[in-house]
Each structure stands twice: as C-alpha cells, then as structure tokens.
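Me: Hi! Could you walk me through this model?

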Amino acid sequence: IATEQELRRALEREEFVLYYQPQIQLDTGMVTGMEALIRWNHPEKGLISPYAFISVAEQTGMIIPINEWVIRMACQQTKQLLKDFPNLSVSVNLSPYEFENRRFVHKLVKLLEETGIPPHHLDLEITERMTMDTEKAIAILKRLKSIGVTISMDDFGTGYSSLSYLTALPIDRLKIDRSFVRNIHGKKEAILPAIIRLGHNIGVKVLAEGVETEEEVAYLKDKHCDEAQGYYFAPPLSYEELIVFLCEHH
Ligand code: G
Ligand code: G
Ligand code: MN
Ligand code: NA
C-alpha cells in the first residue's frame, strides 16, 4: 500500500504508465477504441496494479493530479494514433472527486486544447455511484457533453442508480459489468440480453466487459450487443503492443 508521499514522487519521476485495452465492434470486428488503465512502474517492485494505489490516491487527493496525468497522456498518445487510425476513441476512468469538481470541466477543456485531440475522440467512464444524486449528475453530465466528449456508464448493473432515471442521464454507452457476461448459460442469461435491450431502448450503445471466450462472443453477437472488451480480444496492452494490435486488426 502506497503513501501520499510515494505517489507524489512517482508522479514527479514519471513512473506511471498507461496500458490500453482494445474495444471491438462485434458485427465488424473493427477496433473502435481502447480503455486507458493506469499502472505504476515501480523501480524496485515492477508494475503495480491500480488496486494497490487508487484508493490511497482518492483518500489523499492525489487522484486529482494523477488523473490529470492520465487524461493528458491518453490524449497525447491517442492523437498520435489518430494519424493512422482516424476513428479511434480513448476511454478514461473518472473518479468521483473529478466528477463533483466544478473546475474539472475547465481543466478538461484546457487538456483537450493542449493536446489537440478532437473532443469526440475522448470518452469519460463514470460509475453508477456518481449518479445517485440524479439532478446534480444530469447538470454535470450536460456540462461535460457540451464540450463534445462522450460518456460511458462503467460497471453497469453493479451500482445503485435507479433505472427510472437512466433515460434522463445524457450518456452515450453502457458498459455491462463482467459479472453479467460470465456463465452465460446459467442465471445470467436472464439479465444480459435485458440490459442490451434496455440500452438500445434508451438509445445508447452497449459494450460487454470481461469477454473471455468465443462462446461469449457468439452469444453477445446473437443478442446484438454493439461492442466488447476482454481477454478474448486482448488484455490491457502497453502502447507499443497496442500499435501492433491495431496494425493487425484493421
Ligand atoms: O486493469 P485494471 O487492473 O487496471 O483496473 C483495475 C481498476 O482500476 C479498474 O476498476 C479501473 O477502473 C481502475 N483504474 C484503472 N486506471 C484508472 C485511472 O486512470 N483512474 C481511475 N480513477 N481508476 C482507474
Ligand atoms: O474500469 P474497470 O473496472 O472495468 O477495469 C477493467 C478491469 O477489468 C481491469 O482490471 C482489467 O485488467 C480487467 N479485465 C479486462 N478484461 C478482463 C477479462 O476478460 N476478464 C477479467 N476477469 N478481467 C478483465
Ligand atoms: Mn473502466
Ligand atoms: Na468496468
């Protein structure tokens, strides 16, 4: 478990690195984008998972400069990729602290200008727990959408948001949590197709997370799920590995 001091030093010494997990359009097999996932490349301990430091970062406020770094790096690297792969979009995970912070919209505009990436190539992943105060969430999301970025609801189905408010939230995509993709022929069968239909009924795209097998891919295609992400296609990849993957899949 890291300390605030260690996280600050890691940021200064540029020890954080982004991995990218490809997102695949199921009916064409095309890569539509990738989710940026942070790792800490520790000089002695090697690659450290975000589970080991994101909660400390959130408790200490270090999540603010860390995620600013994440967005800047994701935008810079995606800007480079757009030269060869012009339709890609990069997703970054927001923390509740940023979502609630009025200055975040302003900071985002500056980061987009600084990196020169067109806003519609940046997707912000939020979670249901950020939208529990629905009226407030609608206001924040409208401000974010007015910039031109897209919004995805991450880990959908595991949180507490009321379904009745889902239609009122200006989101572009539902990311179905991987727990609903697993054991497709068991009890999950009742839920996965229902979430896909729900998403389509409210006019948003649906992406299935944690897809690991060919059988799951076939099932999702049959249920008209739009996109998928998971080990079946690729694990989170280094930037260099992502470039190789993109070259092989277009
Ligand atoms: O691939 P993985 O082990 O990286 O992700 C673990 C968890 O850490 C996921 O729930 C993911 O949403 C979260 N996470 C990964 N990168 C970031 C980041 O840049 N910011 C925030 N806030 N969370 C992240
Ligand atoms: O942001 P989110 O909580 O969705 O973070 C994605 C997490 O899921 C990361 O920790 C990533 O490494 C992990 N992951 C990605 N693909 C798969 C998969 O196919 N199976 C499983 N079990 N985990 C996955
Ligand atoms: Mn995510
Ligand atoms: Na998720």
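**Ligand shells and overall fold**

Reply: Happy to. By class, four nonpolar, four polar and five charged residues make up the shell around ligand 2. Here Ala, Val, Leu, Ile, Met, Phe, Trp, Tyr, Cys and Pro count as nonpolar, Asp, Glu, Lys and Arg as charged, and the others, Gly among them, as polar. This is a predicted model: local features need pLDDT of at least 70, side-chain atom pairs count only at pLDDT 80 or more, and totals for chains, interfaces and linings use all residues. Residues are numbered from 1 along each chain as its sequence is written, while chains are lettered from A and ligands numbered from 1 in the order in which they are written.

Me: How many residues surround ligand 2, and which are the closest?
Reply: There are 13, and the closest are G210, E212, G230, Y231 and P236. A residue counts if its C-beta atom, placed from the backbone, lies within 6 Å of the molecule.

Me: And which residues are around ligand 1?
Reply: L37, I38, S49, P50, Y51, I54, N67, V70, N93, S95 and P236. Two or more residues each come from β2 (31–42) and α3 (63–82).

Me: What classes does the shell around ligand 1 have?
Reply: Seven residues are nonpolar, four are polar and none is charged.

Me: Switching topic, how many helices and strands are in the protein chain?
Reply: The chain has 10 helices and nine strands, taken as DSSP runs numbered from the N terminus (helices H or I, at least four residues; strands E, at least two).

Me: What does the C-alpha trace span?
Reply: About 50 × 45 × 35 Å along the principal axes of the protein chain.
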